[in-house]
Number of protein chains: 2
Amino acid sequence: MNNYSKQREAILDVMKENLVHPTAEEIYQFVLEKEPQISKSTVYRNINILVELGEIKKLNMTVGPDRYDYLYKEHSHAICEKCGNIFDFYDDFNKEEISKELLKQIGNHMDINSITIYGICEDCKSNNKK
Amino acid sequence: MNNYSKQREAILDVMKENLVHPTAEEIYQFVLEKEPQISKSTVYRNINILVELGEIKKLNMTVGPDRYDYLYKEHSHAICEKCGNIFDFYDDFNKEEISKELLKQIGNHMDINSITIYGICEDCKSNNKK
DNA sequence: TTAAAATTAGGAATAATTCCTAATTTCGGT
DNA sequence: ACCGAAATTAGGAATTATTCCTAATTTTAA
């Protein structure tokens, strides 16, 4: 795993150009413009490889399909569990500190990749159509 | 939405008895023992209702299907992105404080439901079969 | 330049979840 | 307790999201 291919390049380019947390399907649609013959399985396979390589990040959604993010700059995410909106969040609270706290509590080291906050956003609170 | 049904009751009971973060399929299997005629769609529908009612929490997984948790006591989760292991995490770092920070950054209120940490656990680090 | 290894397109297969419908259960008012 | 309206159910079909399979093509590295 890790040979060059213009398809994988195009997918990474799309991620760099679109900082909008696209779904796999949306990435596929964007990439089609650059590589009209690309197949969806290639998109999925390469997304997974790029996640594995740490080039992009998978955002685990409560609502709808998972989303992906290119980390041009280290940040975390706050996700609305109702509408799926994602708010970028530049950590002031510190991973190292939380990491130490976590270690104390679960008696287990963990390499922290990200901290995600799940909640209900302002709009969903006011448009409360429950 | 919100009439009594023994099926929904049984699902909530299962969640209270099994503090193991089951998947929807696992919940279905557990509930079958109490309600042998229950259908899977009923399980899915009621899981969603219980999440909506705030009785149980949905855990958004990186690997495998999503999991659910009954919050017998308020806590957060640290999830291994490789093996899917979930570590319960009793917040010492304070939601209120993070909430204020978030507000400053994204200029938007949000009711924080949970904070989830994603990373790679000790075991996956050492058994590094990448 | 060439053989091995990796990647691809395209579509089939699988997994997870939601939707549909007619029958049953629950609820609220009397 | 009875009755009509509203909610819920079982069962299965349908949909959505993702992975897997295969033969052909591309990339790599000697």
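## Interface and strand pairing of chains A and B

Across the interface of chain A and chain B, the rule finds 18 residue pairs in polar contact, both residues being at pLDDT 80 or more; a polar contact is a pair of N or O atoms within 3.5 Å, where within protein one atom must be able to donate a hydrogen and the other to accept it, and where residues adjacent in sequence count only if both atoms are side-chain atoms. On the side of chain A that touches chain B, at least two residues each are supplied by β1 (56-59), β3 (76-80), β4 (86-89), α4 (95-106), β5 (110-121) and α5 (122-126) of chain A, helices (H or I, at least four residues) and strands (E, at least two) being DSSP runs numbered from the N terminus. The largest share of this side, twelve residues, comes from β5(A). By class, the residues of the side of chain A that touches chain B divide into 18 nonpolar, nine polar and 14 charged, with Ala, Val, Leu, Ile, Met, Phe, Trp, Tyr, Cys and Pro counted as nonpolar, Asp, Glu, Lys and Arg as charged, and the others, Gly among them, as polar.

The model is predicted, so local features need pLDDT of at least 70 and side-chain atom pairs count only at pLDDT 80 or more, whereas totals for chains, interfaces and linings use all residues. Residues are numbered from 1 along each chain as its sequence is written, chains are lettered from A and ligands numbered from 1 in the order in which they are written, and side-chain values use heavy atoms, with hydrogens and water left out.

In contact terms (heavy atoms within 4.5 Å), 41 residues of chain A meet 41 residues of chain B. The area buried between chain A and chain B is about 3,500 Å², of which carbon and sulfur atoms give 55%; buried area is the accessible area (1.4 Å probe) that two parts lose on being put together, summed over both. A:Asn60, A:Met110 and A:Tyr118 supply 16% of the area that chain A buries against chain B, more than any other three residues.

Four salt bridges cross the interface of chain A and chain B, each defined as a side-chain nitrogen of Lys or Arg within 4 Å of a carboxyl oxygen of Asp or Glu. A:Asp111 forms a salt bridge with B:Lys125, with 3.3 Å between the closest N and O atoms.

| Strand | Partner | Bridges | Sense |
|---|---|---|---|
| β5(A) | β5(B) | eleven bridges | antiparallel |
| β3(B) | β4(B) | four bridges | antiparallel |
| β1(A) | β2(A) | four bridges | antiparallel |

Within chain B, B:His77 stands opposite B:Asp88 in β4(B), and in the hairpin of β3(B) and β4(B), which has five residues between the strands, B:Gly84 takes a positive phi near 85°.

A:Lys57, in strand β1 of chain A, stands opposite A:Asp69 in β2(A). A:Lys57 counts as buried because its relative accessibility is 9%, the cut-offs being under 20% for buried, over 50% for exposed and partly exposed in between (1.4 Å probe, protein chains only). The side chain of A:Lys57 makes a polar contact with the side chain of A:Ser114 at 3.3 Å.

B:Cys121, in strand β5 of chain B, is buried because its relative accessible area is 3%. Leaving aside residues up to four places away in sequence, B:Cys121 touches A:His109, A:Met110, B:Cys80, B:Cys83 and B:Phe87.

Definitions and conventions
Two strands pair if DSSP finds at least two bridges between them.
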